[in-house]
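Visitor: I have a structure open and would like to go through it. Can we start with the strands?

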Amino acid sequence: MTNKRVAIIASSAGLETAYKVLNIATAAAALDAEVGIFFTFEGLSIIHRNSEQMLRLKPENAGLTEGFKKANVPTIAQLLEIAKESGVRMIACQMTVDAMGFAKEDFIDGIEVGGAAAFLDYAFDAQVTLNF
């Protein structure tokens with residue numbers, strides 16, 4: 001890995017947010033950056049095993065569904081797989097997991113559960129930080 005590091009916080013729900021987060025993360029990984037995503041609050045739905053049922057487009061963006069198909073945009077499940085294969089570090093916020101009554105088994109394989117300090121330790125050395 002090079003010395004490029006990207007730190008992303010995913011705290012919102014929705015299919016639009018999932019695409020933003022995973023598009024940036026996989027693009028950065030493709031550019032040889034080290035990438036870490038901290039999923040918290042509603043952002044946990046992106047990595048939930050039932051994300052396909054949980055993530056919806058806003059009504060005003062319903063037309064994007066057809067656009068995604070025409071443009072051959074990967075699904076969220078496919079983007080998550082690409083992220084994992086690319087070495088993207090994905091951390092579910094321990095506090096939020098506990099507060100929402102989730103368990104590690106509620107999330108896709110390859111997710112680590114950790115506190116804000118674990119993410120901050122990673123993010124301190126990031127050249128790019130993003131919040132969605």
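**Strands, helices and a salt bridge**

Guide: I91 stands opposite E112 in β4. Strands here are DSSP runs of E with at least two residues, helices are runs of H or I with at least four, and both are numbered from the N terminus. This is a predicted model, where local features need pLDDT of at least 70 and side-chain atom pairs count only at pLDDT 80 or more, while totals for chains, interfaces and linings use all residues. Residues are numbered from 1 along each chain as its sequence is written, and side-chain values use heavy atoms, leaving out hydrogens and water.

Visitor: Over how many bridges do β3 and β4 pair?

Guide: Strand β3 (residues 89-93) pairs with β4 over 3 bridges, in the parallel sense. Two strands count as paired if DSSP finds at least two bridges between them.

Visitor: And what is the strand order in the open sheet?

Guide: The order of the 5 strands is β4-β3-β2-β1-β5, with parallel pairing. β4 (112-114) and β5 (128-131) are at the edges with a single partner strand each, so one side of each has no neighbour in the sheet.

Visitor: OK, helices. Which strands does α1 lie across?

Guide: Helix α1 lies across β1 (5-10), β2 (34-39) and β5, at about 160° to β2. Angles run from 0 to 180 degrees between N-to-C directions, and axes are lines fitted to C-alpha atoms, for helices over the stretch in contact.

Visitor: How do α1 and α4 cross?

Guide: The axes of α1 (residues 15-30) and α4 (residues 76-85) come within 10 Å and cross at roughly 25°. The two helices are therefore roughly parallel (angles under 35 degrees).

Visitor: Which residues of α1 and α4 make the contact?

Guide: On α1 they are L15, A18, Y19, L22 and T26, and on α4 they are I76, L79, L80, I82 and A83. Contact means heavy atoms within 4.5 Å.

Visitor: Last topic. How many salt bridges does the structure hold?

Guide: There are 4 salt bridges (a side-chain nitrogen of Lys or Arg within 4 Å of a carboxyl oxygen of Asp or Glu). One of them joins D109 and R49, with the closest N and O atoms 2.8 Å apart. D109 is in the loop between α5 (94-99) and β4, and R49 is in the loop between β2 and α2 (51-54), 60 residues apart.

Definitions and conventions. Angles under 35 degrees count as roughly parallel, over 145 as roughly antiparallel, 65 to 115 as roughly perpendicular and the rest as oblique.
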